[in-house]
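Colleague: Could you take me through this protein, please? I would like to follow along on the display.

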Amino acid sequence: MIGEGRDVTGNGHSPLGVDAELPRAGHAVFDQERAERAIRELLLACGEDPERDGLRETPARVARAYREMFAGLYTEPDHVLDRTFDESHEELVLVTDIPMFSLCEHHLTPFHGVAHIGYIPNGQGKVTGLSKLARLVDLYAKRPQVQERLTSQVADALNRKLRPRGVIVVIEAEHLCMSMRGVRKPGARTTTSAVRGLLQTSASSRAEALQLIKGRR
Ligand SMILES: Nc1nc2c(ncn2[C@@H]2O[C@H](COP(=O)(O)OP(=O)(O)OP(=O)(O)O)[C@@H](O)[C@H]2O)c(=O)[nH]1
Ligand SMILES: [Zn+2]
């Protein structure tokens, strides 16, 4: 099957079904041939001619694009948090404006924007590399998603793996299913947040994090 043995994520992790050490996420591997057939059928259903010059390679291209855009189905996102550093920092760590691209599971059209991710380490050597926060949101985003679930999944993964004192995830995104079709409201942005631990229970800690997120520019 095409896709086996390749790093579809571009982040050094193998797709599942190849590396038995990796925990399973969803089903095994991307079925390139099936996806190609489906895209060809879609073109036919739309009244297009998939044999014309400009479209001949399109089913294969689109299938490869979906393999990449759904890479989070074949790789366990939590895996990116496996390596931690022994740092005694006990205050907020916040990475803002992480570019985020996903596909809404209702229309399979993109929603995109930025993610802000913060956590308060537990002071017992569970600090992650900053890039891993961006990798985490990337892999959960690379699934058919809704913004609310994406936001909670990132927060829950951080909570599970780092056992921090608190977590905050805020995602601001524009949904193309609301801009280029349907209700057609380009520019409308949706903000979702998920807070865990101290950032849920302590209004002042949450306010401080939100202030840093809102006042970042
Ligand atoms: N809560 C939530 N809704 C979303 C998300 N992405 C898309 N949607 C919404 O999913 C809904 C699907 O509504 P339906 O009535 O089943 O589909 P539809 O007839 O295509 O709806 P319209 O988009 O209003 O034309 C729409 O209101 C979308 O705006 C998301 O991430 N979260
Ligand atoms: Zn949608």
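Colleague: What share of the contacts in the protein with a separation of 6 or more comes from residues 24 or more positions apart?
Modeller: Such residues account for 70% of the contacts with a separation of 6 or more. Two residues are in contact if their C-beta atoms, placed from the backbone, lie within 7 Å. Please note that this is a predicted model, in which local features need pLDDT of at least 70, side-chain atom pairs count only at pLDDT 80 or more, and totals for chains, interfaces and linings use all residues. Residues are numbered from 1 along each chain as its sequence is written, while chains are lettered from A and ligands numbered from 1 in the order in which they are written.

Colleague: How many helices and strands does the protein have?
Modeller: There are seven helices and seven strands. Helices (H or I, at least four residues) and strands (E, at least two) are DSSP runs, numbered from the N terminus.

Colleague: What is the order of the strands in the open sheet?
Modeller: The five strands of the open sheet are ordered β5-β2-β3-β6-β7, and the pairing is mixed. β5 (144-145) and β7 are at the edges with a single partner strand each, so one side of each has no neighbour in the sheet. Two strands pair if DSSP finds at least two bridges between them.

Colleague: How many bridges join β2 to β3?
Modeller: Nine bridges join these antiparallel strands. Leucine 94 is opposite glycine 118 of β3, and leucine 103 is opposite proline 110 of β3. The hairpin of β2 and β3 has five residues between the strands, and leucine 108 takes a positive phi near 55° there.

Colleague: And how do β3 and β6 pair, parallel or antiparallel?
Modeller: β3 and β6 are antiparallel, with 10 bridges. Glycine 113 has alanine 173 in β6 as its bridge partner.

Colleague: Why does aspartate 97 count as partly exposed?
Modeller: Aspartate 97 has 13 other C-beta atoms within 10 Å, so it is partly exposed. A residue is buried if 20 or more other C-beta atoms lie within 10 Å of its own, exposed if 12 or fewer, and partly exposed in between, with C-beta atoms placed from the backbone. In the protein, 32% of the 217 residues count as buried.

Colleague: Which residues have the most contacts inside the largest nonpolar core?
Modeller: They are Leu136, Val137, Val154, Val167 and Val169, in a core of 34 residues. Elements that each supply at least two residues of this core include β2 (93-104), α3 (130-141) and β6 (166-175). A nonpolar core is a set of buried Ala, Val, Leu, Ile, Met, Phe, Trp, Tyr and Cys residues joined through C-beta atoms within 7 Å.

Colleague: What does leucine 136 touch?
Modeller: Leaving out residues up to four places away in sequence, leucine 136 touches Pro77, Val80, Leu81, Val154 and Ala157.

Colleague: Finally, which residues surround ligand 1?
Modeller: Cys104, His106, Val146, Gln147, Glu148, His175, Cys177, Met178, Gly182 and Val183 surround ligand 1. The elements giving two or more residues to this shell are α4 (147-162) and α5 (176-179). A residue is near a molecule if its C-beta atom, placed from the backbone, lies within 6 Å of it.
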